[in-house]
Amino acid sequence: MEDLEEFVHRENLKIFRRQLDLARDDARRQWLLKRLIEEEAKVRGAPGRMTMGPPSRDS
């Protein structure tokens with residue numbers, strides 16, 4: 001089950017980053033950035049989980 005959760009987190013991060021690059025509206029960008037930060041905190045906060053660096057604009 002942990003592998004599935006890691007997959008979901010990785011995919012969420014990719015989606016949020018991609019959408020952040022495409023967002024034209026500042027309110028949308030802020031919402032996406034908040035979700036991205038929350039998702040990264042989930043990955044970093046769990047013991048034994050992979051750690052992610054700062055958001056990459058390349059993903």
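**Charges, helices and core**

Modeller: Glu-11 is partly exposed, with a relative accessible area of 25% (buried is under 20%, exposed over 50%, partly exposed in between, with a 1.4 Å probe and protein chains only). Keep in mind that this is a predicted model, where local features need pLDDT of at least 70 and side-chain atom pairs pLDDT 80 or more, while totals for chains, interfaces and linings use all residues. Residues are numbered from 1 along each chain as its sequence is written, and side-chain values use heavy atoms, without hydrogens and water.

Colleague: Thanks! Which residue does Glu-11 form a salt bridge with?

Modeller: With Lys-14, and the closest N and O atoms are 3.2 Å apart (a salt bridge needs a side-chain nitrogen of Lys or Arg within 4 Å of a carboxyl oxygen of Asp or Glu). Lys-14 is partly exposed as well, at 37% relative accessible area.

Colleague: And where do Glu-11 and Lys-14 lie?

Modeller: Both are in helix 1, 3 residues apart, or about one turn of the helix. Helices are DSSP runs of H or I with at least four residues, strands are runs of E with at least two, and numbering starts at the N terminus.

Colleague: How many salt bridges are there by that rule?

Modeller: The count comes to 5. Among them is Arg-29 with Asp-26, at 3.9 Å from N to O. That pair sits in helix 2, again 3 residues apart, and Arg-29 is partly exposed at 30% relative accessibility.

Colleague: What about Glu-38?

Modeller: Glu-38 bridges to Arg-35, with 3.1 Å between the closest N and O atoms. They are 3 residues apart in helix 2, so about one helical turn separates them. Glu-38 is partly exposed at 36% relative accessibility, whereas Arg-35 is buried at 18%.

Colleague: Interesting! Switching topic, how many helices and strands does the protein have?

Modeller: There are 2 helices and 0 strands. Of the 59 residues in the protein, 24% are buried.

Colleague: Which residues make up the largest nonpolar core?

Modeller: Leu-13, Phe-16, Leu-20, Ala-23, Leu-32 and Leu-36, so 6 residues in all, where a core is a set of buried Ala, Val, Leu, Ile, Met, Phe, Trp, Tyr and Cys residues joined through side-chain atoms within 4.5 Å. Helix 1 and helix 2 (26–45) are the elements that give two or more residues to this core. Helix 1 provides the largest share, 3 residues.

Colleague: Last one: where is Leu-4 found?

Modeller: Leu-4 is in helix 1, which covers residues 2–22. Leu-4 is partly exposed, with a relative accessible area of 47%.
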